[in-house]
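My entries follow in the order in which I made them.

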Amino acid sequence: MARSSTTKPSALVDGLVFTAGAFMALLIFFGLYSFLSPDPVPNRLSSISLPFSSPRTNHSTHDPSDQTFYDDPSLTYTIEKPISNWDEKRSAWLKLHPSFSAKTERLLMVSGSQPKPCPSYDGDHLLLRSLKNKVDYCRIHDIKLFYNTALFHPSMPTFWAKIPVIRAAMLAHPEADWVWWVDSDAIFTDMDFFLPLDRYRDHNMVVHGWPKLVYEEKSWVALNAGVFLIRNCQWSLDFMDEWASMGPPSPDYEKWGKILTSTFKNKVFTDSDDQSALVYLILTGKGGWRDKIYLENEYYFEGYWVEIVGRLENIAARYNEMEKRGPAVLRRRHAEGVFVSYAKQRDAQLGRENGAVSGPKGWKRPFLTHFTGCQPCNGKRNEQYSGDNCTEGMYKALNFADDQVLRAYGFRHANMLSGDVQPLPFDYPRARI
């Protein structure tokens with residue numbers, strides 16, 4: 001696994017940058033039009049028949065010793081009924097399927113978008129490019145990807161929709177140790193980097209956030225709930241039950257909206273949303289969850305696009321300069337199947353370079369660039385963004401990442417806004433195109 005050498009930036013400086021940028025991006029109802037926002041649908045769960053036969057009519061011919069939690073007719077994939085003893089159930093399933101045993105922790109990436117075509121002109125194409133970006137990253141790093149376009153709970157659209165999907169994904173993939181939720185408008189812009197999972201061994205959830213802004217500023221934008229890791233375990237199922245209890249299906253939904261609005265003075269709308277709810281659970285210590293939640297800010301676990309996009313061309317140039325003066329192995333052609341081993345060589349060289357650090361003051365590639373507030377599908381972008389800066393920024397980030405992938409195929413984009421590609425000469429970047 002490729003690991004990035006990072007130097008921790010000033011928490012105060014980056015915290016202020018994060019807050020200022022995120023607040024701008026969130027002025028026009030953060031996430032209200034994000035993942036899965038179809039027309040309102042009444043709650044129909046009471047009429048849904050679960051895909052399990054009743055105990056009296058279950059004439060399974062399976063060997064009883066081979067049965068798992070999947071054979072339990074009372075198990076439901078929906079969020080209405082809690083699941084108990086999940087760790088034991090997972091363990092029993094893994095014992096029956098030893099081929100899934102691994103020394104390294106397995107990841108399942110989950111993302112998704114709305115069931116209907118996008119109303120904006122570039123929306124569907126940008127979602128396709130964003131999906132390709134995730135497919136590329138997952139293929140290179142041997143990660144499974146589940147991309148969902150269905151609403152799993154009719155009363156939980158928009159930003160709440162991810163919780164039912166993640167819960168179902170845990171049941172569908174007991175072999176996965178972590179579920180990694182990534183919003184559809186978040187783009188991988190460093191294909192070399194891999195999550196430092198050993199850093200999180202004592203935690204069950206990882207989210208990009210700033211402790212000072214959570215505990216001292218009590219800001220609802222002290223973290224971003226659009227990208228996070230959550231461990232596939234009983235703790236996570238219990239936590240998501242608690243988290244979802246603050247959402248639309250809850251009879252206390254309106255009450256939670258008032259509580260969150262009064263708690264976070266900079267909150268710009270009165271509905272209970274997933275991000276404010278998450279900050280509230282951490283801030284108040286409600287349920288004792290926060291001890292297992294890791295607030296990551298030492299690298300761009302997800303970075304605000306406004307502070308990143310304008311630097312991408314300079315970052316690409318700095319990487320080229322590094323490879324020109326670095327060892328020949330950095331310029332050597334290689335198969336995509338050994339991408340990660342060459343990424344490690346590049347990472348080692350980065351550790352010897354001045355200024356190759358994560359953050360606004362460094363020139364290391366940002367890991368994930370999050371286009372918060374751009375709403376590429378419905379086009380209802382934040383009014384702070386003028387012209388086509390969202391769309392242009394997304395194409396720049398996508399092509400910046402795509403160049404890293406296409407290099408193994410012998411090509412690169414003519415420029416960051418071009419769909420045309422050019423063949424790469426031998427010994428690139430020493431040899432000019």
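**Disulfides**

I began with the torsion about the S-S bond of Cys118 and Cys377, which is about -110°, so this disulfide (a pair of cysteine sulfur atoms within 2.5 Å) is left-handed. I note that this is a predicted model, in which local features need pLDDT of at least 70 and side-chain atom pairs count only at pLDDT 80 or more, while totals for chains, interfaces and linings use all residues. Residues are numbered from 1 along each chain as its sequence is written, and side-chain values use heavy atoms, with hydrogens and water left out.

The S to S distance between Cys118 and Cys377 is 2.2 Å. I then looked up where the two ends sit. Cys118 is in the loop between strand 1 (107-112) and helix 3 (123-140), and Cys377 is in the loop between strand 9 (368-370) and helix 11 (389-406), so the pair ties together parts that are 259 residues apart in sequence. Helices (H or I, at least four residues) and strands (E, at least two) are DSSP runs, numbered from the N terminus.

Are these two cysteines buried or exposed? Cys118 counts as buried because its relative accessibility is 9%, and Cys377 counts as buried at 13%. Buried means under 20% relative accessible area, exposed over 50%, and partly exposed in between, with a 1.4 Å probe and protein chains only.

The structure holds 2 disulfides. The other one I looked up joins Cys374 to Cys390, with S to S at 2.1 Å. Cys374 lies in the loop between strand 9 and helix 11, and Cys390 lies in helix 11, 16 residues apart. The torsion about this S-S bond is -80°, and the link is left-handed. Cys374 is buried at 2% relative accessibility, and Cys390 is buried at 1%. Counting bonded cysteines along the chain, I get the pattern 1-3, 2-4.

I also checked Cys138 and Cys233. Cys138 is buried, with a relative accessible area of 3%, and Cys233 is buried at 9%.

**Phe371**

Phe371 is in the loop between strand 9 and helix 11. Its relative accessible area is 0%, so Phe371 is buried. Which residues does Phe371 touch, leaving aside its neighbours within four places in sequence? I listed Asp185, Ile187, Trp305, Val309, Cys390, Gly393, Met394 and Ala397 as its contacts (heavy atoms within 4.5 Å). Phe371 and Met394 are 23 residues apart in sequence, and their C-alpha atoms are 7.4 Å apart.

**Largest pocket**

I took a pocket to be, on a 1 Å grid over the protein atoms alone, an open set of points where a 1.4 Å probe fits, with protein on both sides within 12 Å along at least five of seven lines; lining residues have an atom within 4 Å of a point. The largest pocket has a volume of about 610 Å³, the volume being the space filled by probe spheres set on the points.

Its lining has 34 residues, and Asn320, Asp403, Gln404, Arg407 and Tyr428 lie nearest the centre. Helix 9 (312-325), helix 10 (339-350), helix 11 and strand 10 (411-413) each supply at least two lining residues. Helix 9 gives the largest share, 7 residues. By class I have 17 nonpolar, 5 polar and 12 charged residues in the lining; Ala, Val, Leu, Ile, Met, Phe, Trp, Tyr, Cys and Pro count as nonpolar, Asp, Glu, Lys and Arg as charged, and the others, Gly among them, as polar.

**Backbone angles**

Most residues other than glycine have a negative phi, and most peptide bonds are trans. Tyr428 and Pro429 are joined by a cis peptide bond, with omega about 10°. Pro429 is in the segment after strand 11 (421-423). Asn85 is in the loop between helix 1 (11-25) and helix 2 (86-96), and is partly exposed at 47%.

**Confidence and whole chain**

The mean pLDDT (the predictor's confidence in each residue, from 0 to 100) is 87, and 85% of residues reach 70 or more. Over residues 1-13 the pLDDT stays under 50, and over residues 22-60 it is below 50 as well. Where pLDDT is low, the predicted coordinates should not be read in detail.
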